[in-house]
Amino acid sequence: MNLTSFASSILNSYAMRKISSLLITAGVFAFTAISCDNSEDISDSLQSKNKNTEQAAAFEKENCTSIQSGEILDYNGDIIQLGFNDAGYNYQAKIYSGEMYPESSPGWYLEWRWNDAYLSTQDCDGDNLLDFANGQESYRGSGAWTTTKWTKTYTDQDGNRCRVSQFTKFVAVPVDAYVNGDLYYDADGNEIGQVVDATGFEDFARVQLIWNDPCQGINGVDYKAPGPVGLGNR
């Protein structure tokens, strides 16, 4: 497995397990029809809807479980503790640091960061797993982002010690984003970023890719989206 395929397959089984459950739930809800009285005053309806939304949000917040509770499980079924675990994950700080593939590709180290929309530090739906995508069925429109930084030190044929690195930014695309070729575009036809060819990343665009390997003469931006690439812009 090469470095590029690493960076496009970092979504771990934790999030995949969670999203599968949500998609099944969404399928059930799709068959539920909601009717209303057409004579109902629109302003009253909107006020009622807003009130219900606020109450639901308040209820959800009050019933969230934090990592500190000692009740939330990781993707292996183990209780999540504060700080880094043996595998290199610090779920409270939203960071992974370590040698992710020591068996297949030793020497490659990953620093992986994400925001709360990508993987929360709380469980608000009561399944003892950390929430993701703000409780949505998919990451589209969630505001989620994640970054990866891969590094490795090697010795070239001339005996020089070389340090290679790759830094990548991924952002969740808007709900109305579409694909044309290998790029994502928004509803107005503006380029968002590159399509990520990896299971679990269908709703993400790569907005920045930076390679550095001085021994190979590689230094600089390999790809940068034409729009803002700062995290939190989408």
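Buried here means under 20% relative accessible area, exposed means over 50%, and partly exposed lies in between (1.4 Å probe, protein chains only). By that scale Arg 113 is partly exposed, with a relative accessible area of 37%. This is a predicted model, in which local features need pLDDT of at least 70 and side-chain atom pairs count only at pLDDT 80 or more, while totals for chains, interfaces and linings use all residues. Residues are numbered from 1 along each chain as its sequence is written, and side-chain values use heavy atoms, with hydrogens and water left out. Helices (H or I, at least four residues) and strands (E, at least two) are DSSP runs, numbered from the N terminus.

**Salt bridges**

- Searching the whole structure turns up three salt bridges, each being a side-chain nitrogen of Lys or Arg within 4 Å of a carboxyl oxygen of Asp or Glu.
- Glu 111 and Arg 113 bring their side chains together in a salt bridge at 3.2 Å, N to O; Glu 111 is partly exposed at 33% relative accessibility.
- Arg 140 pairs with Asp 203, with 3.4 Å between the closest N and O atoms. Because Arg 140 sits in the loop between E5 and strand E6 (145-155) and Asp 203 in the loop between strand E10 (191-195) and strand E11 (204-213), this pair ties together parts that are 63 residues apart in sequence. Asp 203 counts as buried, at 15% relative accessibility.
- Lys 94 and Asp 116 form a salt bridge through their side chains at 4.0 Å, N to O. Lys 94 belongs to the loop between strand E2 (89-90) and strand E3 (95-98), and Asp 116 to the loop between strand E4 (109-114) and strand E5 (122-123), so the pair ties together parts 22 residues apart in sequence. Lys 94 is partly exposed at 22% relative accessible area, and Asp 116 is partly exposed at 35%.

**Strand E11 and its partners**

- Eight of the 10 residues of E11 are buried, so this strand is largely enclosed by the rest of the structure.
- Pairing is called when DSSP finds at least two bridges between two strands. E11 runs antiparallel to strand E7 (residues 161-172) over eight bridges, and Ser 165 stands opposite Asn 212 in E11.
- E10 and E11 are antiparallel and joined by two bridges; the bridge partner of Val 195 is Ala 205 in E11.
- E11 also pairs with strand E12 (residues 218-224), antiparallel over six bridges, and Gln 208 has Lys 224 in E12 as its bridge partner.
- Four residues lie between the strands in the hairpin of E11 and E12, where Gly 217 takes a positive phi near 75 degrees.

**Disulfides**

- A search of the whole structure finds two disulfides, counted as pairs of cysteine sulfur atoms within 2.5 Å.
- Cys 64 is joined to Cys 124, S to S 1.9 Å, and the link is right-handed, with 105 degrees about the S-S bond. Cys 64 lies in the loop between helix H3 (42-62) and strand E1 (65-66) and Cys 124 in the loop between E5 and E6, so the pair ties together parts 60 residues apart in sequence. Cys 64 is buried, at 18% relative accessible area.
- Cys 162 and Cys 215 have their sulfur atoms 2.0 Å apart in a disulfide, and this link is left-handed at -95 degrees about the S-S bond. It connects distant parts of the chain, 53 residues apart: Cys 162 in strand E7 and Cys 215 in the loop between E11 and E12.
- Cys 162 is buried at 1% relative accessible area, whereas Cys 215 is partly exposed at 30% relative accessibility.
- With the bonded cysteines of the protein numbered in sequence order, the pairing reads 1-2, 3-4.
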